[in-house]
Each structure stands twice: as C-alpha cells, then as structure tokens.
Amino acid sequence: MSVLGESTGMGSGVQEQRTAPLAQGEVLPISSSGQSEASYEDIKQTRSILNSLFSGALAGAVAKTAVAPLDRTKIIFQVSSARFSAKEAYKLIYRTYLKDGLFSLWRGNSATMVRVIPYAAIQFCAHEQYKRLLGEYYGFQGGVLPPVPRLVAGSMAGTTAAMVTYPLDMVRARMAVTPKEMYSNIVHVFVRISREEGLKTVYRGFSPTILGVVPYAGLSFFTYETLKKLHAEHSGRSQPYSYERLAFGACAGLVSQSASYPLDVVRRRMQTAGVTGHTYGTILGTIKDIVSEEGVVRGLFKGLSMNWVKGPLAVGISFTTFDLTQILLRKLHQMGYTQ
C-alpha cells in the first residue's frame with residue numbers, strides 16, 4: 001500500500017512538474033534514452049563509413065603501386081597491334097628502364113593514384129554499405145549474404161566507383177601510352193583533351209567500362225567472400241591468416257579479370273584512340289575492328305597472361321590490406337586510441 005502510495009505520489013509529482021509553467025530561463029528536461037541510442041547508432045555508422053573509406057583508399061594505393069610496371073606494360077600492348085608474349089613484355093620493360101630510368105616504369109602512377117585512391121575508397125565503402133542494406137532486406141544482418149545478393153553487392157559497388165572516377169581512368173591510360181613530352185601532368189592531359197578532342201572525350205570508353213566492371217567487381221567480391229565463408233565453415237576459424245587472405249584474393253582476381261578482360265581491351269582502345277590514330281566509336285565497332293585486324297585471341301585477349309600475374313597479385317594485396325586495416329582500426333577503437 002505504501003509502495004503504491006509512493007509510486008502514485010511520484011507520478012503526480014512528475015505530472016505537476018510537467019504542467020507547471022516554466023520560469024524564465026528554465027529549460028524543460030528531455031528524455032535522452034531514445035536520442036542517445038539513435039545518436040550512438042549514427043556515430044557507429046559514420047565511423048564504419050570512414051573506416052571503410054580509409055581502408056579502401058590504402059588498399060588501392062598499395063596494390064596498384066606494387067603492380068604499376070606490369071600494368072603500364074599491359075596497357076601499351078593492349079592499345080597497339082604488336083603481338084604480345086612474355087618475352088616481348090620483358091624486352092619492353094627492360095628497354096624502358098635503359099632509356100628512361102627505373103622510375104619511368106611507374107610513369108602515369110601519379111594519375112593512377114589520383115584515380116585509384118578515390119575509386120578503391122568508394123568501391124570498398126559502397127560494398128560494405130550495399131552488404132548492410134541487402135543484409136537488412138534479406139534478413140542476414142551481420143552474416144554472409146546469399147550468393148545472388150553477394151554478387152549484386154559487388155557489382156553495384158564497382159559500378160558506383162567507376163561512374164564517379166572514370167575521367168581519371170581515361171587520363172591515366174593516356175599518360176601510360178604517350179611519351180612524357182606530350183603530357184606533363186594530369187591537368188595538362190585534361191586541358192589538351194578538352195581543347196583538341198572535346199570535353200566529352202574524357203568519357204570515351206565509358207560503356208565498355210561499366211559493362212566490364214559489373215562482372216569484374218561482382219565476381220571479385222563474390223569469389224573472395226565465398227572463399228572466406230567456406231574457409232570459416234571448414235577450419236572453424238572466423239578470420240583467415242594473412243597468407244590465406246592473399247590466396248583468396250588472388251583467386252578472386254584470376255576469376256574476375258579473366259571474365260571481363262575483352263571489355264578491358266575495348267575500353268583501352270577507345271580511351272587512347274585520339275593518340276593512336278584509330279577512330280573507335282562504338283563497342284561493337286571496336287570489337288569488330290580488333291578481331292578483323294588481330295584475331296579473337298591475339299586481339300581481345302592480348303596481355304591476358306600478364307594479367308594472370310598482375311591481376312591476382314593486385315587483388316590479393318588489395319583485399320588483404322583492406323581487411324587487415326579494418327581489423328587494426330577496430331582494435332585501436334576498442335583500446336581507446338580513436339574516438
């Protein structure tokens with residue numbers, strides 16, 4: 001009885017406080033439980049996005065710098081009619097080194113970094129967000145998505161990143177296949193292209209890029225996530241070792257790059273048409289010209305063997321760097337080093 005009386009008294013007291021007029025300068029206290037919970041979720045989500053952006057940017061920079069000489073050599077063969085072989089690729093790298101020095105093998109890497117850092121940051125961050133959204137939709141929050149949503153999340157992430165950063169990819173391709181006297185820096189490429197070929201040229205080759213990114217990014221993320229899932233099921237360890245991550249990433253790179261490689265060749269031909277003397281206009285027209293001049297295998301799959309070295313290495317380094325950076329950032333936050 002006394003408890004009921006106290007409770008009633010407390011309730012009426014609160015009601016009296018709420019109905020009583022506020023004195024001048026007095027602020028009505030607001031219940032903060034719901035707001036604090038929502039605020040915590042917002043902060044947690046923001047931190048997750050920032051961590052993904054930083055980890056993705058670092059992953060892209062490390063991976064692309066590691067394979068830059070092979071990437072530049074591949075592009076040179078892709079945009080020319082010269083026959084590709086491992087021996088010829090080695091000769092090209094060696095001649096470039098003798099003529100222009102060691103660092104010339106990384107020519108165009110500054111443009112690559114300007115493109116790759118935002119591209120990788122956006123792609124990895126978008127992938128985490130698409131995974132979260134699809135997980136909520138399909139009821140797999142915090143778990144591995146089913147196969148189809150897993151493939152869709154990767155494809156959407158790659159498409160998002162490609163749409164935002166494509167002009168930088170075009171500039172990077174131009175710098176990779178031209179002598180250093182032609183373009184002095186990234187800004188100079190944009191200025192000359194807009195003046196001599198028109199501003200719309202910076203999006204030449206965009207269609208094959210998107211068509212290639214959908215299977216490439218989709219299969220890349222799908223393969224890597226699937227291998228990690230199978231590893232966890234068979235090993236009993238939720239987190240693979242670093243060398244296992246590298247192997248999973250290498251497999252992902254091998255599968256995805258092989259599937260999308262012909263469209264990558266078409267994209268490079270269309271991007272560099274202004275400096276190679278060709279007039280590639282459409283995807284089908286470009287494919288027809290390449291096949292008629294060089295054949296299917298030697299034309300559309302030129303340089304693929306080099307990509308089987310470069311691609312798995314780059315993708316493996318990229319996925320491993322991203323995962324390990326994410327783990328490190330989470331540990332630093334748990335230890336109180338980050339806010």
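This is a predicted model: local features need pLDDT of at least 70, side-chain atom pairs count only at pLDDT 80 or more; totals for chains, interfaces and linings use all residues.

Biologist: What is the general idea behind a salt bridge, and how many salt bridges does the count come to?

Modeller: Side chains of opposite charge can pair when their charged atoms come close. Here the count comes to 13 salt bridges.

Biologist: Where do Glu196 and Arg192 lie?

Modeller: Both belong to helix α7 (residues 186-196), four residues apart, about one turn of the helix. Glu196 forms a salt bridge with Arg192, with 3.0 Å between the closest N and O atoms.

Biologist: Which parts does the pair of Asp323 and Lys228 tie together?

Modeller: Asp323 is in helix α13 (residues 304-334) and Lys228 in helix α8 (residues 206-235), so their pair ties together parts 95 residues apart in sequence. The closest N and O atoms of this salt bridge are 3.3 Å apart, and both Asp323 and Lys228 are buried.

Biologist: Are Asp264 and Arg267 buried or exposed?

Modeller: Asp264 counts as buried because its relative accessibility is 11%, under the 20% cut-off. Arg267, at 13%, counts as buried too. Their side chains meet in a salt bridge at 2.2 Å, N to O, and they stand three residues apart in helix α9 (residues 242-271), about one helical turn. Elsewhere, salt bridges that share partners join Lys64, Asp71 and Lys310 into one network.

Biologist: Is Val164 buried or exposed?

Modeller: Val164, in helix α6 (residues 147-177), is exposed because its relative accessible area is 53%, over the 50% cut-off. Val164 and Ile122 are 42 residues apart in sequence, with 8.7 Å between their C-alpha atoms.

Conventions. Residues are numbered from 1 along each chain as its sequence is written. Side-chain values use heavy atoms; hydrogens and water are left out. Helices (H or I, at least four residues) and strands (E, at least two) are DSSP runs, numbered from the N terminus. Buried means under 20% relative accessible area, exposed over 50%, partly exposed in between (1.4 Å probe, protein chains only). A salt bridge is a side-chain nitrogen of Lys or Arg within 4 Å of a carboxyl oxygen of Asp or Glu.
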